[in-house]
Amino acid sequence: MTAGPGAPGFYESVGFAYDHDVETRFGPALRMHRAVPAGGGAPPCGTGELAFRLIVDADLPMLHRWLNEPGVVRWWEGDDVSWEAVARDYVRDGTAEHWIACRGGAGVGWIQCWAVADEPDECGPWIGLGIDRTAAGIDYLVGDPADRGRGVGSAMIRAFVDDVVFGLHPQWSQACAAPYEANVASWRALEKAGLRFVGTVDGKEGPCRLMAAGREERPTASPGGG
Ligand SMILES: CC(C)(COP(=O)(O)OP(=O)(O)OC[C@H]1O[C@@H](n2cnc3c(N)ncnc32)[C@H](O)[C@@H]1OP(=O)(O)O)[C@@H](O)C(=O)NCCC(=O)NCCS
């Protein structure tokens, strides 16, 4: 991606208007963070490459379907993916940001980012392995099973780390994830997106591979420093 959501004027260029509420919630650094479609309805998502937009209520039926697909459920640790839980946890979750990855205007995946500092129980062992306290965690899925194993996941993670994690969050120094060792597609996708193996941590259902990339390793990410 050359001109993604981190680029000045990106949202305006695809028909979004500035949403004042978000500036008051997240501060001026994320001024365009929750851009909304100028004309209402489903937001446009760029012009054919992968692009990202914050999730909106209208995405919930799609997300609910994705989260209940057996290939996702298998890795979701028994989390509640009922309609009520998805509506409650995936749009207005306190600190995590939930994004829809789009290709050619259609949603292809969900991806979230959150501050490691907000999850001390899960991330204490990460910090013990050398992860920064100013790191971000990410979680993700490719919605349609037919799209998996075709490079979509690794492209989505790579673009998201550069354009959203580093591009919109100057305070974050690293991007990390810890998929189950058994979820080979997930940690291979991270590897292909440029995250490296840091160490093994315990998950609820077995060992996980902790993977990370630092801002300084990403030539296309913004310099940050805020
Ligand atoms: C994990 C996920 C996002 C990866 O996206 P993807 O589009 O399938 O991955 P990619 O096509 O980019 O491939 C990543 C690598 O894993 C490999 N891979 C894909 N599926 C695999 C599988 N079932 N077993 C082993 N390797 C697999 C690919 O071949 C590729 O490696 P290669 O280039 O060396 O061949 C996607 O599979 C998914 O949504 N899975 C269900 C939800 C999930 O597990 N989310 C992550 C929770 S931590």
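Q: What makes the crossing of α7 and α8 right-handed or left-handed?
A: A crossing is called left-handed if the near helix is turned anticlockwise from the far one by less than a right angle, and right-handed if clockwise; α7 passes α8 in a right-handed crossing. Helices here are DSSP runs of H or I with at least four residues, strands are runs of E with at least two, and both are numbered from the N terminus. The model is a predicted one, in which local features need pLDDT of at least 70 and side-chain atom pairs count only at pLDDT 80 or more, while totals for chains, interfaces and linings use all residues. Residues are numbered from 1 along each chain as its sequence is written.

Q: Why are α7 and α8 called oblique to each other?
A: Two packed helices are described by the angle between their axes and the distance between the axes. The axes are lines fitted to C-alpha atoms, for helices over the stretch in contact, and angles run from 0 to 180 degrees between N-to-C directions. For α7 and α8 the angle is about 50 degrees, and the axes are 8 Å apart. Angles under 35 degrees count as roughly parallel, over 145 as roughly antiparallel, 65 to 115 as roughly perpendicular and the rest as oblique, and α7 and α8 are therefore oblique to each other.

Q: Which residues make the contact between α7 and α8?
A: Residues are in contact if their C-beta atoms, placed from the backbone, lie within 7 Å. From α7 come Gly153, Ser154 and Ile157, and from α8 come Ala185, Ala189, Leu190 and Lys192. Sorted by class, this contact has 4 nonpolar, 2 polar and 1 charged residues, where Ala, Val, Leu, Ile, Met, Phe, Trp, Tyr, Cys and Pro count as nonpolar, Asp, Glu, Lys and Arg as charged, and the others, Gly among them, as polar.

Q: Which residues come nearest to the ligand, and which element gives the most to its shell?
A: A residue counts as near a molecule or strand if its C-beta atom, placed from the backbone, lies within 6 Å of it. Of the 21 residues around the ligand, Arg148, Gly153, Ser154, Ala185 and Arg188 come nearest. At least two residues of the shell are supplied by each of α4 (70-73), β6 (136-142), α7 (152-166) and α8 (184-192), and α8 gives the most, with 6 residues. By class, the shell divides into 10 nonpolar, 7 polar and 4 charged residues.

Q: Why does Trp66 count as buried?
A: A residue is buried if 20 or more other C-beta atoms lie within 10 Å of its own, exposed if 12 or fewer, and partly exposed in between. Trp66, which lies in helix α3 (residues 60-67), has 22 C-beta neighbours inside 10 Å and therefore counts as buried. Leaving aside residues up to four places away in sequence, Trp66 touches Val72, Trp110, Leu141 and Gly143; Trp66 and Leu141 are 75 residues apart in sequence, yet 8.2 Å apart in space from C-alpha to C-alpha.

Q: Why is Glu77 called exposed?
A: Glu77 has 10 other C-beta atoms within 10 Å and is therefore exposed. Glu77 is found in the loop between α4 and α5 (83-89).

Q: What is worth noting about phi of Glu77?
A: Most residues other than glycine have a negative phi. Phi of Glu77 is near 55 degrees, a positive value in a residue other than glycine.

Q: How many residues of the protein chain count as buried, as a percentage?
A: Of its 226 residues, 37% count as buried. The protein chain has 8 helices and 9 strands.

Technical notes
Contact = placed C-beta atoms within 7 Å.
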